[in-house]
Amino acid sequence: MRVLLASPRGFCAGVNMAIECLDECIRIFGPKIFVYHEIVHNKYVVDKFTQQGVTFVDEVHEVPEGAVLLYSAHGVSPVVREAARARKLRTIDATCPLVTKVHIEAIKYAQEGYHILLIGHEGHDEVIGTMGEAPASITLVESPEDVDQLSFPADSKLAYLTQTTLSVEEASAVIRRLEERFPQVEHPPKEDICYATTNRQFAVRSLIPEADVLLVLGSQNSSNSRRLMEIGQALGKGAYLLDGAGEIQPAWFEGAETVLVTAGASAPQVVVDECLEYLRTHHGATIEEVTTRDEHVHFPLPRELRQLAKLEAAGAQGT
Ligand code: SF4
């Protein structure tokens with residue numbers, strides 16, 4: 001078996017920052033920390049932190065008054081922030097700056113009187129957070145068919161934004177339909193689908209013609225991981241989304257010579273390594289890493305954490 005290992009793959013700058021943020025919170029406050037929703041959509045990562053004593057909650061009222069609450073990489077709506085204030089929680093915001101950018105765009109367009117068409121997936125944490133910034137001014141559209149159903153007058157003041165982890169091609173299809181129906185529709189100068197999503201999709205699109213099977217390391221609820229799997233499926237390849245080597249089924253590789261391996265933006269390298277080890281051991285795989293784009297993005301920790309770390313360091317020097 002020949003394995004093509006896609007690069008870039010796995011952790012993006014936002015996920016790295018969110019995980020570093022939680023590690024740093026544990027170091028400063030101890031493990032009795034609460035996180036609003038999964039820190040990132042990955043089972044391995046969430047299980048690891050749960051074992052360390054971190055509690056993931058779906059609602060702010062589950063957090064004891066005065067406790068430390070971390071907002072996950074996907075961002076939260078103002079209603080959540082208000083509920084946390086009312087409970088006097090000490091909050092740390094690990095929202096990815098590229099998600100925050102979409103929130104800011106939503107607020108700006110709503111203040112300027114636009115109605116916003118948010119291209120995204122219903123129920124995703126990021127979509128819920130963004131829509132919460134201006135609920136009366138945002139309509140979710142998931143497909144070109146949804147655009148056909150819109151009943152705004154032809155000359156309405158409209159703008160569109162997108163979830164950061166969409167399929168570049170599917171989002172383009174929705175945008176094309178929007179621009180056909182509403183040629184005046186505004187959009188931000190720089191697109192919202194983030195660099196990490198775009199680069200991981202580009203790697204899979206570039207390498208998939210050489211492969212018979214696609215393995216995507218990532219969790220079922222990870223939007224960007226699912227989009228990677230769908231690229232393989234759309235081309236008629238066997239394409240599988242898995243949390244780790246334990247889920248591999250030998251039948252996937254019947255008649256396959258080349259397997260393309262990648263990982264979603266929230267999947268850690270350790271699960272990729274385990275998968276490669278399985279393929280080496282059970283299928284005699286040779287691994288060839290192929291880089292289609294370079295990535296050098298890094299986000300600093302949130303200011304409140306950096307300040308805490310500084311205070312700590314100053315305290316340590318004083319003693
Ligand atoms: S996938 Fe993109 S938007 Fe989401 S956390 Fe990573 S860098 Fe940020």
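P8 is located in the loop that joins β1 (2-7) to α1, where helices (H or I, at least four residues) and strands (E, at least two) are DSSP runs numbered from the N terminus. The peptide bond leading from S7 into P8 is cis, with omega near 5 degrees. Most residues other than glycine have a negative phi, and most peptide bonds are trans. The model is predicted, with local features requiring pLDDT of at least 70 and side-chain atom pairs counted only at pLDDT 80 or more, whereas totals for chains, interfaces and linings use all residues. Residues are numbered from 1 along each chain as its sequence is written, and side-chain values use heavy atoms, with hydrogens and water left out.

Buried positions in α1 are A13, G14, V15, M17, A18, I19, C21, L22, E24, C25 and I26; buried denotes under 20% relative accessible area, exposed over 50%, and partly exposed in between (1.4 Å probe, protein chains only). Just after α1, G30 adopts a positive phi of about 85 degrees.

One cavity of 30 Å³ or more is present in the structure. A cavity is a set of points, on a 1 Å grid over the protein atoms alone, where a 1.4 Å probe fits but cannot get out; lining residues have an atom within 4 Å of a point. The largest cavity holds about 280 Å³ of space, the volume being the space filled by probe spheres set on the points, with grid points joined across faces, edges and corners. Its lining consists of 23 residues, with C12, V15, H74, T165 and N224 nearest the centre. Two or more lining residues of the largest cavity come from each of α1 (13-29), α4 (97-111), α8 (195-207) and α9 (223-234). Helix α8 makes the greatest contribution to this lining, with 3 residues. By class, the lining has 11 nonpolar, 11 polar and 1 charged residues; Ala, Val, Leu, Ile, Met, Phe, Trp, Tyr, Cys and Pro count as nonpolar, Asp, Glu, Lys and Arg as charged, and the others, Gly among them, as polar.

The ligand sits in the largest cavity, a placement that requires more than half of its atoms to lie within 2 Å of the grid points. Surrounding the ligand are C12, G14, C96, L98, T164, T165, C194 and Y195, each with a heavy atom within 4 Å of it. This shell contains 5 nonpolar, 3 polar and no charged residues.

Two non-glycine residues with positive phi occur in loops. H37, with a phi of about 65 degrees, belongs to the loop between β2 (34-36) and α2 (43-52) and counts as buried because its relative accessibility is 17%. K88 has a phi of about 55 degrees and lies in the loop between α3 (78-86) and β5 (90-93); K88 is exposed, its relative accessible area being 62%.

Y109, in helix α4, is buried at a relative accessible area of 5%. Y109 and L242 are separated by 133 residues in sequence and by 38 Å in space, C-alpha to C-alpha. T139 belongs to strand β7 (residues 138-141) and is partly exposed at 24% relative accessibility. Between T139 and L118 the separation is 21 residues in sequence and 6.0 Å in space, C-alpha to C-alpha.

Conventions. On a 1 Å grid over the protein atoms alone, a cavity is a set of points where a 1.4 Å probe fits but cannot get out, and a pocket is an open set with protein on both sides within 12 Å along at least five of seven lines; lining residues have an atom within 4 Å of a point.
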